[in-house]
Amino acid sequence: MATVQIGLIGMGTVGQAVVELNRPWAGLDFHFVKACVRRADRPRPLPIPLTQDPMEIIDDPALDIIVEVAGGREEPLAWIGRALANGKAVVTANKEVIAYHGAELIQKSQEWDTFFGFEASVAGGIPVVDTLVTHMSAAPLSDIGGVLNGTSSYVLTAMENGMALSEAISQAQLRGYAEANPENDLKGHDAVRKLVILVWLAWGVWLSPDQILREGLQDYPVDLLHRLARKGLHVRPWAWAHRDAEGTIKAAVGPAVVSKGHPAFSLKGAQNGVEIRGQAGTFWLQGPGAGGVATATSVWADIHRSQRLKSPLLALAPGSRAFVTGSPHERYVVAAHDPDRDLSGTLLGPGMAVQDEPPAGAEGLSVFPLINGSADG
């Protein structure tokens, strides 16, 4: 049986799960030769030689594949670029590097005829990259997005069950869904980066992550969330991009409300869901968006794919940067913290209404875009 030699950069939750899922496949045996870690003195249950120098892995001529799951931006960018230049297949889960530098890395993978896979960079274990690259590459698409951050999804579900924001964050950290500093998740940066990748896969242009409209989670009153729930509305961390007939793209990330008629209504905990709309219809992909094993399955999908294709993942133009023109949202649910407050628009119940525009003044109000459906419960 032929053996494929792998070097691993990062041995955290995802890296360890990648090693644990190692199995022979299609007549191939996979061998992890060495792993690069930040702290070599930390106990690790897996018998793999360790180094703290990533160049020992990247420049090792005996290695066929480099798997990068360390996180960060500037250093991984340099590691990935050098590995591609060395003729190695590269598999990464790094959505920050892809969102900001994907175009140049894809260009390099094509110039050097090396495989570059990033299925694990979006929505954990959901195979959305492969879906967009292959299955949905023919019929034009108009909308793409969904719940793309497992930490925020878990926190909002916990808040609907009565937890305060701080307690929900602590619980997410205990369960391994949130980092010690969860700012990238809770302020929407993580979802923005994933949305940038999906937009490129759907339409071939790169949005600037720093231009996308973004709103983070707030400590919503429990009573407000319960009032919304009684009307058949759940709050979800939503990322959405729309492309109109002229090719203009609008995109936004932030808490939104979905009604019972939408599949995101039933999402619980750290589950992610990706919605794709286009000429062929509407498609919904759902699965675990966080956790080591879920993300590792996507890493392994790319490892296997690299052995089938032996060439760049995408035979597409790397694409150029495009500017975001505004929000794709058209209707909003306005919920007053005081249920006796009068609101304009289509009233839903005490202190709640649907409006076509967000109100000019938001003091004492929570304003949520309304996603795909009626809000009459």
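Start by selecting T295: setting aside neighbours within four places in sequence, T295 is in contact (heavy atoms within 4.5 Å) with V14, A93, A120, G124 and G125. What you have open is a predicted model, where local features need pLDDT of at least 70, side-chain atom pairs count only at pLDDT 80 or more, and totals for chains, interfaces and linings use all residues. Residues are numbered from 1 along each chain as its sequence is written, and side-chain values use heavy atoms, with hydrogens and water left out.

Stay on T295 for a moment. T295 sits in helix α11 (helices are DSSP runs of H or I, at least four residues, numbered from the N terminus). Is T295 buried or exposed? T295 is buried, at a relative accessible area of 10% (buried means under 20%, exposed over 50%, partly exposed in between, with a 1.4 Å probe and protein chains only).

Now select helix α1, residues 13–20, along with α11, residues 292–309. To see who touches whom, colour T13, V14, A17 and V18 in α1, then G292, V293, T295, A296, V299 and W300 in α11. That contact has 7 nonpolar residues, 3 polar and no charged (Ala, Val, Leu, Ile, Met, Phe, Trp, Tyr, Cys and Pro count as nonpolar, Asp, Glu, Lys and Arg as charged, the others, Gly among them, as polar).

Last stop: F116 and V128, which have the most contacts inside the largest nonpolar core, a set of 53 residues (buried Ala, Val, Leu, Ile, Met, Phe, Trp, Tyr and Cys joined through side-chain atoms within 4.5 Å).

Terms used
Axes are lines fitted to C-alpha atoms, for helices over the stretch in contact, and angles run from 0 to 180 degrees between N-to-C directions. Helices (H or I, at least four residues) and strands (E, at least two) are DSSP runs, numbered from the N terminus.
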